[in-house]
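Here is a brief report on one protein chain. It moves from a surface site to the fold as a whole.

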Amino acid sequence: MAERSTAAVDVAAGGDDESLTAKADQPTADGADESRETTAADKDQTSGDAPAETPAEAEKPQATPPELHSGHKLARRYRLEECVTRLDGFSSWRAVDEKLRRAVGVHLLPAEHPRARAVLSAARSSALLGDPRFVQVLDAVEENELVYVVHEWLPDATELTALLAAGPLEAHDAYQLVSQVSQAMSAAHREGLAHLRLTPSAVLRSSSGQYRIRGLAVNAALRGISSDTPQRSDTEAIGALLYASLTQRWPYEDDAYGLSGLPKDIGLIAPEQVRAGVHRGLSELAMRALVNDGATASRQDQPCATPEELSKAVGEMPRIRPPEPAYTAPPEYQRTTYQQGTYGRPTAVSPAAQQLAAAPPAPLQSRTGKALKWAVSALLIAALGLGSWQLADALMERDKSDDPGTSQPGGEDDEKPVAGKPLDISDAYEFAPSGSGIKEADVPQAVDGDAASSWVTPQYKGYANFGNLPNRKEGSGIIVDLGSVQDIAGFDIDLYRAGQKVEVLAAPEDASQPSSLSDFSKDLRKLGAAGKHLKETLDETVRTRYVLVHITSLPTDGSAEVFRGGISEIKVLGTNRSE
């Protein structure tokens, strides 16, 4: 199975497991409570997403999940780290691909599991789609009486479940959600693939604002879910996602995904009737996508029965622009009483007095006045001459002191260290104070000696400080390990783009594997805007093993609303003594 270098994962969960709500820049996990789900694909079943067993499955003994533990390796490559879910004969894990040094997700089930063949087939079909709007399948293997499916792991993303827990989405965000998800599902259905389990936990929003769908075909195969009308089922699921995004309510009577359902016995009502201020066009679009027992019959627009019809309906709407950033006007400049010419409250002045005060003084026209002017001019000329003589004398003294023939030999302590050749870098890793990195696999490109290869951040929308994400409040960057404590005299850094706010810090001599900002107590360069090339020589040598290139703000990336930065090459310079 072809491998891909992006970082994301579709981790299944369900049953009675507690919901593992994803947060920004943390691994996501599909942990919705299945017993409360009522989407179109499964609301007729007796227990949410509980798969309906076929007669052939009923005859087979129920397979038990394999007894594996953290540290177990699959194919001598995928090391299991944490069990996310164990349900209905299969388990889902967060794992590490030791070959590519990145996080992945793994679904595991016994080879004799009644749905093992369907899971393998669904995973391989999903991998062939290769659409970046879906979380990608990296591998699907049957080996040693096990079937396992390896997925991308997306640490820099947030589940829609977590977004809705904080409140309904803005109209622009809801518009982007329905637009991107309907377009992606249209492409999948054109290739004969359906999702059938498109829930809030299956939709992720990356830090750049793009929506990704996980579990295409695989999640349904793991649970044995099928549908006679897959396009209608996925379209209704998209409508339910849009409805929840606009109202923070689930469009059915039962509560699900941390959202309250609609009041009983009133049926399906439009989002604009549930919550004030809902965008009317999006409200009507949600009703057209949902199965609503003829609620759209009185409307001029027809219901949307497929994702492609829903995507076209979104395209026909007037585009919803993002909200303008909040702008606070600076306070009006207030003149102080001192600037107004008085220490106390200004008193009223008559117009005549004002005119008298504004009149300029009369010029010195008398004989005495002319003599005074000549005297002042002579004094100024003398002062200028004296100042010029003193300046020349100072320059001559400096030239004498710079003459190597007259300079006095100094001791070793008087020699100023200067930057020498670059020191060897033993290792480099990403500065990730929140516990999750951005592009950890690309860090070696910033210390490979080639400025043409770079460690580059994703795009962030709206804010230069890494999208204003809570887990990126301390920014990001790269920590280099010199292998041992060294005397450093400077640094030579090539940045991916000019305009980033950067500081360079060093850890104390006795530091060991520093990871937080407080571990780096020595300032090599103060925080400030930097150009594309950053090279400095230190006033004094610093003994350290670890150096942090810390980025707190990113420059724009082709648009005033999009930001991106990075580091192309890091060189830490050793010391040479000046001759």
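L380 is exposed, at 55% relative accessible area. Exposed means over 50%, buried under 20%, and partly exposed in between, with a 1.4 Å probe and protein chains only. L380 sits in helix α11, residues 367–402. Helices are DSSP runs of H or I with at least four residues, strands are runs of E with at least two, and numbering starts at the N terminus.

## Basis of the model

This is a predicted model: local features need pLDDT of at least 70, side-chain atom pairs count only at pLDDT 80 or more, and totals for chains, interfaces and linings use all residues. Residues are numbered from 1 along each chain as its sequence is written, and side-chain values use heavy atoms, leaving out hydrogens and water.

Strand β3 spans residues 90–97. Seven of its eight residues are buried, so the rest of the structure largely encloses β3.

β3 runs antiparallel to β2 (residues 78–87), with eight bridges. Strands pair if DSSP finds at least two bridges between them. R86 faces S91 in β3. Two residues separate the strands of this hairpin, and D88 in the turn has a positive phi of about 50°. On to β4 (residues 102–110): seven bridges join it to β3, again antiparallel. A95 stands opposite V104 in β4. This hairpin has four residues between its strands, and R101 takes a positive phi near 55°.

## Q183 in helix α4

Q183 lies in α4, residues 171–190. Q183 is partly exposed, at 36% relative accessible area. Leaving aside residues up to four places away in sequence, Q183 touches R133 and S311. Contact means heavy atoms within 4.5 Å. L310 is 127 residues from Q183 in sequence, yet their C-alpha atoms are 8.5 Å apart.

## The chain as a whole

The chain has 11 helices and 21 strands. Of its 579 residues, 45% are buried. Among contacts between residues at least 6 apart in sequence, 71% join residues at least 24 apart.
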